[in-house]
Each structure stands twice: as structure tokens, then as C-alpha cells.
Amino acid sequence: MGASVAVIGGTGVYESAYLEDPQKITVETKFGRALLWQGRYHNREIYFLARHGGGHALPPHLINYRANIAALRKLGISAVIATAAVGSLRPEMAPGSLVLIDQFIDFTRGRRSTFFEGGPEGVIHVDLTTPYCPELRRAVLRAGSSLGEKIVNGGCYLCTEGPRFETPAEIRMFAQWGADLVGMTNVPEVVLAREAGLCYATIALVSNFAAGLSSAPLSHQEVLAEMARKKGLLDRLLVETAVEIGAERACHCSEGAVPLDLGEGTDERS
Ligand code: HPA
């Protein structure tokens, strides 16, 4: 038996081409509302959520990460594979590279990055020694190799507040800190997934060299163009990964999960 899996699509990934019989669903949570697609692939139930909304309507700092992750938990999903468009700080991770990130550095400010803000919820300090689920990461690598795709196994993602791109001085500093990739959305998503006890992994697609590492100025169009070139491959990799994920996993992702009041509310299907 497979696990119930969700895909969170980042920049350039606003739907899944492989979901059979997709149905739109709305989930109400205490933290807000999330919109998803529910469908099937090879007899597996897969949910799809576009992090930036349809048509990239939401900038990184205004995404309701808590509603999204709470909705996945409310739906009983236990495994989440996310995509992220990233800038690269490393010559060997050139545009077009797929990187399975294994660490992050948080350079965001003021985002709501916990479900637990004191009061009735209490306070928790979640362990992030292994931020990305090793079992899901193995599933991504298996799916990649069955598709004959090279995936860089490991990379440190630095999350900025955005929505602006970085300065070359920031990029030089991030490289000294040990970052390999830069993006705007993986935090707090990865943190909330762990608080909710969900297995979570991110496949990063390098869309550009980071600011100052190439002579041209950065543009969102350039990011979208590179994502569009690889969208078909990413789509396939995501669903093949979902098929690889077993229901019984030997990781520790769900061990720290705390009871979470997700709020009442009827969920709509259309
Ligand atoms: N910086 C931040 N976020 C990004 C980049 C970048 O260079 N490319 C894609 N997302």
C-alpha cells in the first residue's frame, strides 16, 4: 500500500499534467483556506497544491504556508514533495540542474513560521537536524534514476525574504556561509511540515546563476523560461516519486508531531 502523497508546485509548476480525473478541493483550516487538486496516477491518490496560486498570484512573503500545510495534514496526507525554482551559487550546479536539497539556512524575516504561538497551542521547539525526509529523498533518487535523470544528491538552500532578488554582496556572503542555492519559499514550509509531522522533501531546479555570478541582470522571465523548459520532466519525476513512496517509512519525521487544532469547517469539492 502506498502513502497518501501531496505535491507542492513552486514557480513554474502550477498544475500536474499527469493527474487523472483531477478534482478541485477547498480545505478550510484554522489558519486559512487552501485550494488543491485531487487526482490519481497509477492507482495512487495524489494531491496537488500550487504554492503561488494559479498564475503566480501570490508573492513568496504572502503565501499562507500555515494554511497549506495544515490542509495537507487535515486531509491525512503523510508525505509531501515540493518543487522550488532556485538561483545557484555553485558553478557545478548550472541552470537546468536538479538538486535534492538536504539543508537550509533561514534568511527570511517576519514570516509566520510556526503553528505554535503560545496560548492554548503552547510553545514547541522542533528538531531540524534532518530537515528533509531521508525516505522521501531516496524515493526521489529512485524515480530520477528510473527516468535516467541526474539529480544532485544534497545541497544547502538559503531562503531569502524576497520578493526582490539578492545583491551580489549578499550572494558572496551566503556562499561563505555554505549555501549552494538561493530561493524564497522553502522556509517556513519545511519547518511547518516537520511541526505537523509530515515527511517532506524538495526538488530544486536551478533556473539561473545567482546575482553577480553571471553578467546579465536577473529577471523573473528568465526563471520562468528555464522552469518551462523542464516542466515536463519535473511533472513526471513528481508522480514517479509519489509511486515510489511507501506507507511504512523508517524515518523519524512524524515522531515530534504534536496535536494540532486545525479548525472545523466543511471542505468543498467541485
Ligand atoms: N534568487 C532567489 N530566488 C530565486 C532565484 C534567485 O536567484 N532564482 C529562482 N528563485
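Biologist: Which helix does R138 lie in?

Modeller: R138 lies in helix 2, residues 134–146. Helices are DSSP runs of H or I, at least four residues, and strands are runs of E, at least two, numbered from the N terminus. This is a predicted model: local features need pLDDT of at least 70, side-chain atom pairs count only at pLDDT 80 or more, and totals for chains, interfaces and linings use all residues. Residues are numbered from 1 along each chain as its sequence is written, and side-chain values use heavy atoms, leaving out hydrogens and water.

Biologist: Is R138 buried, exposed or partly exposed?

Modeller: Buried means under 20% relative accessible area, exposed over 50%, partly exposed in between (1.4 Å probe, protein chains only). R138 has 45% relative accessibility, so R138 counts as partly exposed.

Biologist: Which residues of helix 2 are buried?

Modeller: An α-helix has 3.6 residues a turn, so residues three or four places apart point the same way. In helix 2, the buried residues are L136, R137, A139, V140, A143 and G144. They fall within an arc of 155° seen down the axis, so they line one face of the helix. The arc is taken from the directions from the helix axis to the C-beta atoms. S145 and S146 are exposed on the other side of helix 2.

Biologist: What do the buried residues of helix 2 pack against?

Modeller: Contact means heavy atoms within 4.5 Å. The partners are strand 5 (79–88), strand 6 (98–100), strand 8 (151–153), strand 11 (199–209) and helix 5 (220–244).

Biologist: What follows helix 2?

Modeller: G148 follows, and its phi is positive, near 70°.
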